[in-house]
Every structure is written in structure tokens, then in C-alpha cells.
Protein chains: 2
Amino acid sequence: MLLKEFEIIANYFHRAPIKALLGGGDDCAVWQITKGMSLAVSSDMLVEGRHFLSTTPAFGLGHKALAVNLSDLAACGARPAAFTLALSLPRIDHAFLEGFSKGLFAIADAYQCELIGGDTTHGPLNICITVLGEVDPSCVIKRSGAQVGDDLYVSGHLGDARLCLDIFRGKATAPGEAFMRLRQALEQPTPRVELGLALRNVASSAIDLSDGLLGDLQHVLRASHVGATLFVDQVPVSPFLSQQPLNIQRTCALVGGDDYELLFTAPKAQAARVVQLAHNTQTCITHIGVIEAHPGLRLVDTAGRQMTDSFQHFDHFS
Amino acid sequence: MLLKEFEIIANYFHRAPIKALLGGGDDCAVWQITKGMSLAVSSDMLVEGRHFLSTTPAFGLGHKALAVNLSDLAACGARPAAFTLALSLPRIDHAFLEGFSKGLFAIADAYQCELIGGDTTHGPLNICITVLGEVDPSCVIKRSGAQVGDDLYVSGHLGDARLCLDIFRGKATAPGEAFMRLRQALEQPTPRVELGLALRNVASSAIDLSDGLLGDLQHVLRASHVGATLFVDQVPVSPFLSQQPLNIQRTCALVGGDDYELLFTAPKAQAARVVQLAHNTQTCITHIGVIEAHPGLRLVDTAGRQMTDSFQHFDHFS
């Protein structure tokens with residue numbers, strides 16, 4: 001039997017939290033420091049060949065390594081504060097280090113997130129960032145807060161990162177300008193930090209989409225002990241992806257992964273506020289489903305037909 | 001030119017600290033959270049073949065991965081609080097995960113340091129731990145605090161880890177019982193957490209010995225803009241190492257690395273308190289030198305003869 005990532009954690013590393021308000025399982029751990037202030041903590045490790053291609057430009061890699069961690073903070077409604085970087089390098093490559101550090105500091109500065117320490121060593125290329133964010137303990141957005149009757153929303157559009165990966169793998173093609181946009185989505189995703197902050201006291205639950213919509217949605221449903229209906233044809237895709245055959249659109253948008261958009265739920269009574277904060281944060285937000293009492297996930301197309309979920313979501317050990 | 005670890009950091013990742021009280025360069029970054037409370041943060045990445053042998057038992061590896069990070073907290077006088085673990089594994093090996101997690105939690109429990117989150121992924125074996133500790137901002141022990149006239153001390157005894165490594169490499173031998181003790185030093189070092197806490201308001205500077213006494217001492221001297229005389233024959237070694245030829249003793253104890261003892265300085269007026277806290281924390285502490293105004297490091301033997309420093313210290317990129 002091949003143990004998967006979540007089983008490894010459950011079998012070997014799960015314990016009841018003591019100081020932590022949220023332990024492993026949510027996007028961030030949340031650790032209460034003082035009465036009004038908690039620290040949201042997230043670690044992500046990027047391995048060459050697994051999380052990025054050896055051809056990924058160094059600038060983009062520096063950007064993405066921090067972006068995926070900031071995205072975890074966003075999903076909890078935390079404000080970025082500081083991060084550490086541990087870097088294992090197979091050799092000292094000045095061009096790589098120059099590009100990587102520029103990409104890293106560009107996004108760090110954009111979110112006022114300070115590099116406060118770390119480690120460099122010799123070994124296979126591996127980037128491990130731990131990010132620390134500040135959050136009021138009473139405002140932490142959790143995976144487990146979805147309620148029956150809530151609406152399900154997603155930010156931005158999904159699937160471009162996966163389509164770009166398919167192009168790199170020779171399974172798809174795109175003309176130059178479209179390809180540049182797809183590549184931007186894969187290599188330099190935008191963490192939805194402002195949106196995450198705006199969703200405090202509005203969203204009932206949130207998760208960032210790293211492993212694919214269907215898989216990540218199921219984490220929310222399980223943690224919240226609810227089910228959902230997902231309106232598959234309402235899942236937003238980019239203009240270029242929308243011109244692709246339907247099976248490619250669906251594969252990319254539903255199970256693609258690496259989107260780093262926020263999937264969240266909010267009570268129906270908050271619908272007007274969701275529209276308002278989409279406007280305020282200049283973020284496209286789409287209503288894509290509803291939370292229901294009946295467990296499990298039901299996929300429904302435009303014609304109202306229920307689809308079989310034959311999609312496998314990404315797992316780091318599959 | 002081969003760039004070394006510290007040059008990589010200086011060239012590509014160094015910036016003036018903003019929120020951080022201490023940035024890269026000290027054992028920990030220290031980040032002030034509230035008026036009376038700072039967070040000490042340290043990340044260490046362990047790579048197979050570089051920081052541990054592929055034959056290292058999993059229990060010891062779990063222990064050591066956290067121990068080296070706790071040792072960084074100790075050097076700053078911080079109290080362990082929480083940590084994250086990012087783990088890249090080449091395959092799912094139940095025996096390894098069982099042993100590793102047991103070793104990790106054994107030391108985590110001993111120091112009441114809670115695992116609050118992390119990441120697991122597929123890739124070459126790599127262990128990255130970020131540890132968070134609490135410290136009063138006014139009590140942080142820095143590398144840069146050594147003053148002319150201070151005494152130089154070290155905890156425990158040095159060199160056993162290096163001698164054990166030499167045995168694994170076939171360059172030395174030891175009988176069974178002695179070998180077990182050397183192996184304990186290499187694979188399951190004891191972080192000097194209690195000593196670090198006791199040294200607050202006593203030590204003027206401190207560093208943990210990971211890269212070898214001479215190299216780490218020079219970090220303190222440079223950061224503090226001072227020099228030192230080191231009484232080479234007073235550097236404490238274990239009974240077994242003391243029976244080895246003098247050149248082996250000196251190589252192991254002066255440049256061996258992986259000791260995880262604390263090297264610290266204290267004003268002469270604190271000498272009695274140092275003796276007292278050695279007693280209180282049941283730690284052997286040895287006076288091994290003095291801090292002087294003249295820059296550089298002078299090695300002096302029992303006969304008072306000055307020795308040439310022909311020792312190279314460990315660097316992760318050498």
C-alpha cells in the first residue's frame with residue numbers, strides 16, 4: 001500500500017494540539033502568543049522535479065517559493081510578517097542566486113514580509129520557506145467552518161497552471177502571448193493576501209487551491225462535516241482555456257492544482273459583502289456551489305445533470 | 001572561486017533588519033512581537049550525506065533534527081515553544097517514519113516544544129525544521145556582545161562527534177562501549193537549553209558549536225570586533241578522546257564540528273555565577289580563554305607557546 005501525504009501525517013505526526021489553536025491540516029498552524037494576537041505559521045518545501053521544472057527561471061522560483069506560503073496565510077486571513085528560508089543547492093550558481101533572490105525579495109517587499117533568517121547548505125535543490133503571519137485569534141478563517149446553506153466561492157480563474165504544465169510536457173500547445181500568460185500563472189502565482197484579509201468575519205471557511213479544486217474542496221467538506229454541490233460549468237477559466245475542448249477545461253480547472261486561488265464559503269446573508277469585497281480588492285470572485293448536509297461532493301453541469309467524479313486529485317506521493 | 005555559505009548569504013540574502021532585532025548571522029533571528037516578548041526563530045535543513053549518514057538510525061535522526069534547532073535557541077537564551085517540520089522523502093518507509101517520529105517527539109516532549117505544522121513531500125531525503133522560542137527582548141544573548149577582558153567558556157566536552165565520524169570513515173577505531181558513547185554524541189546530541197536560559201544576564205555573548213570551535217569562535221570575535229587567546233590544552237575532551245594522539249585530540253576538539261555545546265563569554269565579575277549555574281544546570285563548564293582587544297585568534301598550549309592555526313573549519317560548501 002502506498003501511503004499518501006495525509007496518511008503519513010495522520011499516522012506518524014498527528015497529536016492533539018496544546019498551544020496551537022489550529023494544528024496540521026489547516027493551511028497554517030495558528031499559535032496564540034498574547035490575548036489579542038496569534039501567529040499563523042506555514043512551512044512549504046519545494047523540490048526540483050516535483051514542484052517545479054529544472055527549466056523554471058530563477059526569478060520565478062524565488063517568487064513562487066514565497067507566494068505559495070503567503071497563499072497559506074491568505075487562506076487563514078493572516079497578515080504576512082516575516083519568513084525564514086532554508087536552501088539546499090547542488091552547486092553555487094551566481095546567475096541562479098541572483099535571479100532567485102531578486103524574485104524572492106520582489107514579492108517579499110510587495111507584501112512587507114521580512115526575511116529574518118535561514119540556512120544554506122549543499123545538496124539536491126530544495127527550497128523550504130516558513131512564513132509567519134499575524135492574525136487576531138477571533139478572526140482566524142478555518143477549513144472547518146463551512147455550514148449547511150453557505151455559498152461556495154472561488155477567486156480568479158483556475159486551470160491555467162495545469163495547462164501550462166501540459167504544454168511543457170508536450171501534451172498541448174498555445175500561441176506565444178497566451179503561453180506567456182499561462183506561464184505567469186504557473187511560475188508566478190499571485191497569493192490572495194488582500195482577499196484573505198478582507199474575508200475575515202465574512203467567510204465561514206477557506207482553503208488555498210494548491211492540490212486542485214476537487215481535492216481541496218473535499219478537505220473543507222471533511223473538516224466541516226458537510227457535503228456540497230459544485231456547479232462545474234460555473235468554475236471560472238481564463239479566455240484561452242475556455243477555447244479548449246471541454247475535457248481539457250475540466251481536467252485543468254477541477255484537478256489541475258497549483259492555482260493558489262482561494263476557495264471559500266460564506267453564509268447567504270453575506271452575499272452582498274462578498275460582491276463588495278471583490279470590488280474593493282479588485283478580485284474576480286465567482287459563486288460555484290452550495291454547502292449541503294448530505295455528505296460528499298456532487299458535480300452538476302449546466303443542464304443540471306449530475307456527473308461522475310472520475311477525477312483524481314494531486315497528491316505529493318501519488 | 002567557490003563561494004562559501006556566509007558569502008552566499010552576504011551577497012544575495014543580506015538586508016538591513018526591519019522588524020527583526022537580530023537578523024541572519026546569529027544563531028536565531030529575533031523578532032519583537034510585543035513590548036516584553038520576542039520570538040526567536042531558527043531554521044536548519046539536514047541533507048542526507050551532508051549532515052547525516054544514510055546509515056544513521058531513524059530515531060537518532062528525529063532527535064538530532066530537532067536538537068540542532070533547539071541548540072540555536074539555547075545560544076540566544078530562548079525558551080523552546082513550537083516547531084514546524086518539512087520532510088522530503090524518497091519513498092514511504094514505515095520503519096523509518098516510525099523511528100523518526102518517535103525520536104522527534106521524545107526530544108520535543110523533553111523540551112515542551114510542540115509540533116504545530118509542516119509539509120511532507122516526495123524527493124531526496126531532506127529534513128527542514130523551523131523552531132520558535134520565546135525570549136525577553138532585553139535578555140537576548142547575541143554573538144556580538146563579547147567584551148575585552150571577558151572570560152571564554154565552553155560547556156561539556158568537544159570532539160567526540162568528529163571522532164565517531166572518523167570511525168565510520170575507517171580512519172579510527174574504538175572498543176564497543178566507547179564507540180557507543182561517541183555515537184551518542186554524534187547522533188543524539190543534547191541541546192544546552194537549560195544552560196542557555198541560565199546564561200541570560202550572565203553571558204555577554206554565546207554561540208552553539210556546530211561548525212567547530214575555531215570557526216564558531218571566530219564568528220563571535222568578528223561580530224564583537226575583538227580578538228582572543230585560546231588555551232588549547234584546556235579545551236575539554238572526553239576520557240576516551242584524551243587517550244588518543246594529541247593531533248587527533250586537537251583536530252577533533254578544535255575543528256570537529258557537530259558538538260552542539262555552548263561557547264560563551266562572560267565578564268570576570270560573573271565568574272562565581274558561572275560556577276554556580278554550572279552546578280545548578282549540572283553542566284560541566286570549562287574556562288578556555290580570554291577576550292582581548294588585539295584582533296584575531298591566538299592559540300596557546302600548556303607551555304605558553306603560541307601555535308600556528310593550521311586548522312580549517314567546516315563549511316557547508318567546502
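Two strands are taken to pair if DSSP finds at least two bridges between them, and strands (E, at least two residues) and helices (H or I, at least four) are DSSP runs numbered from the N terminus. On that basis, in this predicted model, A:Asp151 stands opposite A:Ala266 in β10(A). Residues are numbered from 1 along each chain as its sequence is written, while chains are lettered from A and ligands numbered from 1 in the order in which they are written. Because the model is predicted, local features need pLDDT of at least 70 and side-chain atom pairs count only at pLDDT 80 or more, whereas totals for chains, interfaces and linings use all residues; side-chain values use heavy atoms, with hydrogens and water left out.

**Interface of chain B and chain A**

- The contact (heavy atoms within 4.5 Å) draws 66 residues from chain B and 67 residues from chain A.
- About 5500 Å² is buried between chain B and chain A, with carbon and sulfur atoms giving 67% of that area; buried area here is the accessible area (1.4 Å probe) that two parts lose on being put together, summed over both.
- Seven residue pairs, both members at pLDDT 80 or more, are found in polar contact across this interface, a polar contact being a pair of N or O atoms within 3.5 Å in which, within protein, one must be able to donate a hydrogen and the other to accept it, and residues adjacent in sequence count only if both atoms are side-chain atoms.
- On the side of chain B that touches chain A, the elements giving two or more residues include α1 (5-13), β4 (79-89), α3 (94-110), β5 (114-122) and β6 (126-135) of chain B.
- The most residues on that side come from β5(B), which gives nine.
- By class, the residues of that side divide into 37 nonpolar, 19 polar and ten charged, where Ala, Val, Leu, Ile, Met, Phe, Trp, Tyr, Cys and Pro count as nonpolar, Asp, Glu, Lys and Arg as charged, and the others, Gly among them, as polar.

**Salt bridges**

- Over all chains of the structure, the search finds 21 salt bridges.
- One salt bridge joins the side chains of A:Asp258 and A:Lys64 (3.0 Å, N to O).
- Because A:Asp258 lies in the loop between α9 (246-255) and β10 of chain A, and A:Lys64 in helix α2 of chain A, the pair ties together parts that are 194 residues apart in sequence.

**Sheet and hairpin of chain A**

- Strands β7 (residues 151-155) and β10 (residues 262-266) of chain A run antiparallel and are joined by four bridges.
- A hairpin connects β2(A) to β3(A) through two residues, and A:Thr34 has A:Met37 as its bridge partner in β3(A).

**Sheet of chain B**

- Strand β9 (residues 227-231) of chain B runs parallel to strand β12 (residues 296-300) of chain B, with five bridges between them, and B:Phe231 stands opposite B:Val300 in β12(B).
- Helix α10 (residues 271-280) of chain B packs on the sheet, touching β7, β10 and β11 of chain B, and its direction makes about 150° with that of β11(B); axes are lines fitted to C-alpha atoms, for helices over the stretch in contact, and angles run from 0 to 180 degrees between N-to-C directions.

Technical notes. Salt bridge = Lys/Arg side-chain N within 4 Å of Asp/Glu carboxyl O.
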